[in-house]
Amino acid sequence: MGDRLARLLKPYTGEPPPGLYGKSSDLLIRIAGIAVPHFLSVVTRLGGDAALPALPRRTNRRAMVVEERSLVAGDPDVVALTLVAADGEDLPRWHAGAHIDVHLPSGRTRQYSLCGDPDRADHYRVAVRLIPGEQGASHEVHALTVGQLIEVSEPRNAFMMPLPGSGSRAERLRFIAGGIGITPILPMVRLADRLQLDWSLRYTGRHRESLPFLDQLEAFGDRVRVLTDDVSGLPTPAHLLDDVDPWTAVYACGPPPMMDLVHGAVPERTELHIERFSPVPVVNGQPFELELRRSAVIVPVRADQSALAALLAVESDVSYSCRQGFCGSCAQQVVAGEVEHRDQLLTDEQRRLGQMLLCVSRSAGDRLVLDL
Ligand code: FES
């Protein structure tokens with residue numbers, strides 16, 4: 001496999017993606033991603049307190065212009081944006097699976113997977129599904145117009161794709177995408193096909209009209225199997241993981257039920273690479289309370305709920321982005337109580353000074369008092 005891969009890699013002009021060996025959990029992938037200093041994200045936070053020690057800050061924001069917007073599914077709910085640098089310069093390179101932080105005019109920051117061609121340095125491309133019933137970031141993205149200026153941070157990769165024979169022991173690849181989860185998978189599929197790897201894709205959604213980029217995927221013929229709820233019913237392990245064995249690397253991105261299904265049913269010793277669009281589930285959580293010092297409001301946090309989710313239920317203006325403990329946007333200052341840190345981002349010094357990431361970390365006791 002190694003010799004064959006070396007031959008196949010020849011026409012690939014980009015730097016090979018970084019490799020991860022053996023079975024990969026999404027946590028391991030994220031740790032690998034945040035280990036590189038420039039991956040660290042800018043921190044914004046609610047409330048003002050000059051004494052709050054600074055988290056690592058990204059200084060790599062750049063102004064970009066919306067060059068083109070188009071609808072890329074049969075329904076009108078998925079918009080793709082082509083973004084070019086406002087100064088006309090080339091953009092930093094990226095690898096399949098990477099995402100960018102998009103800083104929206106409202107001040108919100110959201111992360112979107114790059115779905116274009118990594119070999120193109122003149123633009124980035126993202127696609128965003130409108131989330132019904134909310135007036136949040138997806139509505140803001142859909143309202144962006146051609147010519148509008150926004151800020152975007154450098155690509156970073158929390159969903160790396162080690163290639164068979166070069167960081168992966170797998171001999172074939174199974175991609176699994178649910179709806180808008182196709183966005184990080186699309187560049188992977190193109191790369192796998194270009195390298196003539198043995199790959200296949202299972203693409204799920206409610207109905208064909210809801211699936212973005214179907215036209216591009218049709219070119220790959222039988223390698224792509226579309227499974228929609230209205231025809232096949234809800235996806236099952238047999239639909240998604242047929243023929244998957246320990247020599248297959250599985251790459252999955254989609255809604256939480258699909259991800260849980262894949263995670264639970266993938267065979268032992270199979271490489272599993274996961275990109276979540278949703279908060280990581282709380283594991284072994286205990287209930288506790290948040291006390292907001294300035295307002296004296298008490299916020300109960302359930303055992304299966306993050307502190308961020310509990311806080312957002314009473315205070316919608318709390319900053320956050322990834323909800324997975326790797327961007328730093330949700331950092332808050334704790335003034336009393338002991339934190340059970342569950343992130344890999346904060347330094348020992350930041351923890352000692354009382355910082356906490358609300359999206360993943362919890363209280364080691366009954367109550368934490370936040371400087372809010
Ligand atoms: S929201 Fe990204 S670390 Fe909490």
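I count two strands as paired if DSSP finds at least two bridges between them. With that settled, here are my notes on this predicted model.

**Entry 1: the sheet.** I traced an open sheet of five strands, and its order reads β12-β11-β10-β13-β14, with parallel pairing. I then looked for the edges: β12 (224-228) and β14 (271-276) each pair on one side only. From one strand to the next, the twist averages 15°.

Entry 2: I picked β11 (residues 199-205) and its partner β12, which run parallel and share five bridges. Within this pair I found Thr204 opposite Leu227 of β12.

**Entry 3: helices on the sheet.** I checked α4 (residues 182-194) next; this helix packs on the sheet and touches β10 (172-178), β11, β13 (248-254) and β14. The direction of α4 makes about 155° with that of β10. Helix α8 (residues 256-265) also packs on the sheet, in contact with β10, β11, β13 and β14. For α8 I noted an angle of about 160° with the direction of β13.

**Entry 4: the cores.** Which residues have the most contacts inside the largest nonpolar core? I found Met161, Phe175, Ile185 and Leu201, in a core of 36 residues. The elements giving two or more residues to this core are β2 (78-85), β10, α4, β11, α5 (214-218) and β13. Helix α4 gives the most, with seven residues. Why does this core lie between domain 1 and domain 2? Domain 1 (2-35 + 158-276) and domain 2 (59-155) both give residues to this core, so it lies between them. I also logged a second, separate core of 24 residues, which includes Leu292, Leu311, Leu358 and Leu370.

Technical notes:
Residues numbered from 1 in each chain as written. Predicted model: local features only at pLDDT ≥ 70, side-chain atom pairs only at ≥ 80, totals over all residues. Heavy atoms only, no water. Helix = DSSP H or I, 4+ residues; strand = E, 2+ residues; numbered from the N terminus. Axes fitted to C-alpha atoms, helices over the stretch in contact; angles between N-to-C directions. Contact = heavy atoms within 4.5 Å. Core = buried A, V, L, I, M, F, W, Y, C linked by side-chain atoms within 4.5 Å. Buried < 20%, exposed > 50% of the residue type's maximum accessible area, 1.4 Å probe, protein only. Domains from an automatic or database assignment.
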